[in-house]
Amino acid sequence: MGLGDRIHNAAERLHGKGKKAAGEVSGNDRMRAEGKARAVRADLKQAGEKIRHAFKRH
């Protein structure tokens, strides 16, 4: 897992959390759902990178 991938996933997760928060404040359910989905997708990418890295080392 490269540093660039980790940074990208963290940035995408933060973007999703921010979008979710903006949706909550504005009462926009669609924006809230998109933000939550983006944060979850970033977390899954990060987990996939960790698994791939673990198998690559062995």
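**View 1. Two helices and 0 strands make up the secondary structure of this predicted protein.** Helices (H or I, at least four residues) and strands (E, at least two) are DSSP runs, numbered from the N terminus. The model is predicted, so to speak of a local feature takes a pLDDT of at least 70, side-chain atom pairs count only at pLDDT 80 or more, and totals for chains, interfaces and linings use all residues. Residues are numbered from 1 along each chain as its sequence is written, and side-chain values use heavy atoms, with hydrogens and water left out.

**View 2. Here is the overall outline of the protein.** Along the principal axes, the C-alpha atoms fill a box of roughly 50 × 15 × 10 Å. The radius of gyration is 14 Å, while a compact globule of 58 residues would have one near 10 Å; this radius is taken over C-alpha atoms, and the globule rule is 2.2 Å times the number of residues to the power 0.38.

**View 3. Follow helix α2 from end to end.** Helix α2 covers residues 29-57, and its end C-alpha atoms are 42 Å apart, which agrees with the 42 Å that 29 residues should span at 1.5 Å a residue. The expected span is 1.5 Å times one less than the number of residues.

**View 4. Now look at the buried residues of α2.** They are G35, A39, A42, Q46 and E49, where buried means under 20% relative accessible area (1.4 Å probe, protein chains only). Their cover includes α1 (3-26), judged by contact, meaning heavy atoms within 4.5 Å. Across the protein, 16% of the 58 residues count as buried.

Methods:
Buried < 20%, exposed > 50% of the residue type's maximum accessible area, 1.4 Å probe, protein only.
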